[in-house]
Amino acid sequence: MVATIQQLEGQYLATLKGELNTAAALEVEEVLKPLYKSDGRDVTIDCTELEYIASSGLRILISILKGAKANGSKVVLKNLNDDIKNVFKLTGFINLFEFV
């Protein structure tokens, strides 16, 4: 699992590649922790190469969303595959995030 963050034109772009399972969650959380306080910047999370997400991965995304909303920012999830989008539907998280 590889997670990266870039600052682009006043916003953050995070990229997730691989399987965001329980084993990878601690490492990914450390990388993405700066997004918990987005400093008023919007956050886009590119999931083009995300193959799987476990509940621990969903928890990380919810934490990012809570921090962003507290700072007046939004979180957009980009390019989710159908399987991962289905996880969001089944958990009810589909209504919490913006998708593009």
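Biologist: Two strands count as paired if DSSP finds at least two bridges between them. With that in hand, over how many bridges do β1 and β2 pair?

Modeller: Seven bridges, and the pairing is antiparallel. Keep in mind that this is a predicted model. The two strands make a hairpin with two residues between them.

Biologist: Which residue does A3 stand opposite?

Modeller: L16, over in β2. A3 itself sits in strand β1.

Biologist: Is A3 buried or exposed?

Modeller: A3 is buried, because its relative accessible area is 15% and the cut-off for buried is under 20%. Leaving out neighbours within four places in sequence, A3 is in contact with T15, L16, V28, V31 and L32.

Biologist: T15 turns up there. What does T15 touch?

Modeller: V2, A3, T4 and D46, again skipping residues up to four places away in sequence. T15 lies in strand β2, and its relative accessibility of 16% makes it buried too.

Biologist: In which sense do β2 and β3 pair?

Modeller: Parallel, over eight bridges. Within that pair, L13 stands opposite T44 in β3. β3 and β4 are parallel as well, over four bridges, and there I45 faces L77 of β4 as its opposite number.

Biologist: OK, the nonpolar core. How many residues are in the largest one?

Modeller: There are 29, and the ones with the most contacts inside it are L16, L32, I45, I64 and V75. β2 (11-20), α1 (22-32), β3 (43-53), α2 (55-70), β4 (75-78) and α3 (82-91) each put in at least two residues. The largest share comes from α2, with seven residues.

Biologist: What does V75 touch?

Modeller: Not counting residues up to four places away in sequence, V75 touches V43, I45, I64, L65, A68, F97 and E98.

Biologist: F97 makes me think of rings. How many aromatic pairs does the structure hold?

Modeller: Two. In one of them, F88 and F97 sit edge-to-face, with 5.7 Å centre to centre and 90 degrees between the planes. F88 is buried because its relative accessibility is 1%, and F97 is buried as well, at 7%.

Biologist: Why do you give me both a distance and an angle for a pair of rings?

Modeller: Because an aromatic pair is described by the distance of the ring centres and the angle of the planes.

Biologist: Then what are the distance and angle for F88 and F99?

Modeller: That pair is edge-to-face too, at 5.7 Å centre to centre with 85 degrees between the planes. F88 is in helix α3 and F99 is in strand β5 (residues 98-99), so the pair ties together parts 11 residues apart in sequence.

Biologist: How exposed is F99?

Modeller: Partly exposed, because its relative accessible area is 22%, while buried needs under 20%.

Biologist: Which residues do the ring pairs link into a cluster?

Modeller: F88, F97 and F99.

Biologist: Last one, back to A3. What separates the C-alpha atoms of A3 and V87?

Modeller: A gap of 20 Å, for two residues that are 84 residues apart along the chain.

Methods
Residues are numbered from 1 along each chain as its sequence is written. This is a predicted model: local features need pLDDT of at least 70, side-chain atom pairs count only at pLDDT 80 or more; totals for chains, interfaces and linings use all residues. Side-chain values use heavy atoms; hydrogens and water are left out. A nonpolar core is a set of buried Ala, Val, Leu, Ile, Met, Phe, Trp, Tyr and Cys residues joined through side-chain atoms within 4.5 Å. Buried means under 20% relative accessible area, exposed over 50%, partly exposed in between (1.4 Å probe, protein chains only). Contact means heavy atoms within 4.5 Å. Rings of Phe, Tyr and Trp (its six-membered ring) pair if their centres lie within 6.5 Å; planes under 30 degrees apart count as stacked, over 60 as edge-to-face and the rest as tilted.
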